[in-house]
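Please read them with the structure open beside you.

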Amino acid sequence: MKAVIRIKTETPSPYELTAIRAETHDTKTFRFRLPDGATLDMLPGDFLFVHATIDGKAVKRPYTPSSLPDTVGSFDLTVKRYDSGTVSKYLHDRKVGDHVLMSGPRAGGHWVDGMAKRVGFVAGGTGITPMVSIIRWILAKGLDVDLFLVYSNKTERDIIFREEWDRAMRDHPSLHCFHVLDEPPPGWSQGTGRITEDVLRAHLPPPGPETKLFLCGPPPMVGAVSAALKGLGYTEDSIILP
Ligand SMILES: Cc1cc2nc3c(=O)[nH]c(=O)nc-3n(C[C@H](O)[C@H](O)[C@H](O)COP(=O)(O)OP(=O)(O)OC[C@H]3O[C@@H](n4cnc5c(N)ncnc54)[C@H](O)[C@@H]3O)c2cc1C
């Protein structure tokens, strides 16, 4: 069997865009080609830099691949488009066949097999990308880990990978998901408004040596949730940020 080549670069390298899938009204998944027999040299949760020259200025932004780490031949970035954004808009303007410059992967707040028996994930919006990669990894490898996702969004149509969450919960009793919406539709039975201490207490595994929490989202959410988690007794080293 041929050994898999593991790719990590310091300098930006071009990757061909091979497919684009709409996830929500403003978020798309972009699939990029890797050389035959190659995968990204990353752990679930690590990130790449996308580089571009926009209006004559070199810019770069970090993106966490959402695809299952160890996938050979391709990887995915799931990116939300901001109207006033620079690199997110640049990516959303790309077409299949275009090449995008990227460097990395770089170490982010990542999952290491065996690091916990119970894992909580608190995500806001595109903060879900490291979580999906970690959750897909743990489920695909059949690791003996209980998973608890608390995912906040503005509206129901902003929930990224909604079908995957619903299907994965049916297939894997170890996965629990709780959605929190700022603007819930009529009859919504899950959380509404902000992620509160009560929501965290009810939907995350309790603090302890076998518990780790991943937290990723807009800075105000991360600040408020970090403070609430500390108030609930989670230690600093049990909370993993991107
Ligand atoms: C480790 C890491 C991994 C990341 N992974 C992903 C990923 O997988 N997918 C993804 O879509 N993003 C991800 N991000 C965010 C990403 O790096 C960019 O910040 C984002 O795409 C916006 O970049 P931009 O150049 O389009 O906007 P910028 O030009 O940087 O910002 C312009 C305006 O856009 C708005 N904006 C930018 N970022 C945010 C935000 N996070 N929340 C609310 N408003 C914002 C603000 O109004 C801002 O003024 C990640 C960030 C980090 C730190």
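1. The centres of domain 1 and domain 2, taken over C-alpha atoms, are separated by 24 Å. The domain assignment, automatic or from a database, places domain 1 at 5–106 and domain 2 at 118–240 of the protein chain. To their contact domain 1 contributes 14 residues and domain 2 contributes 14 residues, where two residues are in contact if their C-beta atoms, placed from the backbone, lie within 7 Å.

2. This is a predicted model, in which local features need pLDDT of at least 70 and side-chain atom pairs count only at pLDDT 80 or more, while totals for chains, interfaces and linings use all residues. Residues are numbered from 1 along each chain as its sequence is written.

3. Around the ligand there are 21 residues, the closest being Gly-85, Thr-86, Ser-88, Thr-126 and Thr-129; a residue counts as near if its C-beta atom, placed from the backbone, lies within 6 Å of the molecule. Each of domain 1 and domain 2 supplies at least three residues to this shell, and β7 gives the most, with 4 residues (strands are DSSP runs of E, at least two residues, and helices runs of H or I, at least four, numbered from the N terminus).

4. The largest nonpolar core has 35 residues, a core being a set of buried Ala, Val, Leu, Ile, Met, Phe, Trp, Tyr and Cys residues joined through C-beta atoms within 7 Å, and buried meaning that 20 or more other C-beta atoms lie within 10 Å of a residue's own. Helix α2 gives the most to this core, with 6 residues. A second, separate core of 16 residues includes Tyr-15 and Leu-40.

Definitions and conventions: A residue is buried if 20 or more other C-beta atoms lie within 10 Å of its own, exposed if 12 or fewer, and partly exposed in between; C-beta atoms are placed from the backbone.
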